[in-house]
Each structure stands twice: as C-alpha cells, then as structure tokens.
Amino acid sequence: PLCWTEKALRDEIFLQLCKQTTQNKSSTSLERGWELIIICLNFFPPSARFYSYLEGYIARHTDVDRLEQYAEHAFKKLERISQTGAKRGRNKPTKEEVDHAQR
C-alpha cells in the first residue's frame, strides 16, 4: 500500500484525521476519527517533518475528558511506530490486523 512508501500521503491522512477530530460535535464521528488515528499509527508513522505536529496534537488531547483514553493510546502507538517504522508488505492489512490495531 502507498501509505507505507509515500510520506506525503501518510501525512495527508494524519492531517485529515486531525481536522476530523478538531471541534467535532458528533461523539460518534469524533471517536471514530481517533480510532482511525490509532489504527493508522499501528501501520505507518508520520514523516519526520510532520511528527512533532502530530505529537503535539495528540498531547493536547491527553487531558480532554472523553478523549483522554484515545489520546494516551495514540501517543503510545506514535512512540512505538516511530521506533519500529512502517509495516512492510504488498498486501493491505487484514481485518484481524485492523481489529488488533484498535487495542
């Protein structure tokens, strides 16, 4: 998948998810946006250029009541994926891998 090789595409995905989760009045949409951030961080990191923005965005949400759990989980995933790098492979992730990524 392109997200593993195209840094600009990875950053654009993260940027769109940040926009979706900024001042979103719909709890369902907000939670799903954070779940997608977490899932993406399980498979690919942001570029080095976008890392500090995403790290700051996540950190700002670690003390927001309903988002605290999501942000803390995303922060751990960000730290881990930045050390391990993007998952490799030619196939898209399986449903089981995506389900596992949410945990």
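The questions below go from the overall fold to single residues.

User: What secondary structure does the protein have, and in what order do the elements run?

Analyst: This is a predicted model. The protein has six helices and zero strands. From the N terminus on, the order is therefore helix after helix under the DSSP assignment. Written out, the elements run α-α-α-α-α-α.

User: What is the radius of gyration, and how does it fit a compact globule?

Analyst: The C-alpha atoms fill a box of roughly 40 × 30 × 20 Å along the principal axes. For 103 residues, a compact globule would come near 13 Å. The protein agrees with that, because its radius of gyration is 13 Å.

User: Is Asp-11 buried or exposed, and which side chain of opposite charge is nearest?

Analyst: Asp-11 sits in helix α2, residues 7-20. Asp-11 is buried and has no salt bridge. A salt bridge needs the charged atoms within 4 Å. The nearest side chain of opposite charge is 5.6 Å away, and it belongs to Arg-10.

User: Which side chain makes a polar contact with Asp-11?

Analyst: Leaving out residues up to four places away in sequence, Asp-11 touches Pro-46, Ser-47 and Phe-50. One of these also makes a side-chain polar contact with Asp-11, at 2.5 Å. That partner is Ser-47.

User: How is Arg-66 classed by accessibility, and why?

Analyst: Arg-66 lies in the loop between α4 (48-60) and α5 (68-84). Beyond its neighbours within four places in sequence, Arg-66 contacts Asn-24, Ser-27 and Leu-30. Its relative accessibility is 47%, so Arg-66 counts as partly exposed.

User: How many Å separate the C-alpha atoms of Arg-66 and Glu-31?

Analyst: Arg-66 and Glu-31 are 35 residues apart along the chain. Their C-alpha atoms are separated by 8.9 Å.

User: What is the phi of Gln-23?

Analyst: Gln-23 is in the loop between α2 and α3 (27-43). Gln-23 is exposed, because its relative accessible area is 73%. Most residues other than glycine have a negative phi. Gln-23 is not a glycine, yet its phi is positive, at about 50 degrees.

Terms used: Residues numbered from 1 in each chain as written. Predicted model: local features only at pLDDT ≥ 70, side-chain atom pairs only at ≥ 80, totals over all residues. Heavy atoms only, no water. Helix = DSSP H or I, 4+ residues; strand = E, 2+ residues; numbered from the N terminus. Buried < 20%, exposed > 50% of the residue type's maximum accessible area, 1.4 Å probe, protein only. Lys, Arg positive; Asp, Glu negative; His and termini not counted. Polar contact = N/O pair within 3.5 Å; in protein donor to acceptor, adjacent residues only side chain to side chain. Contact = heavy atoms within 4.5 Å. Rg over C-alpha atoms; globule rule 2.2 N^0.38 Å.
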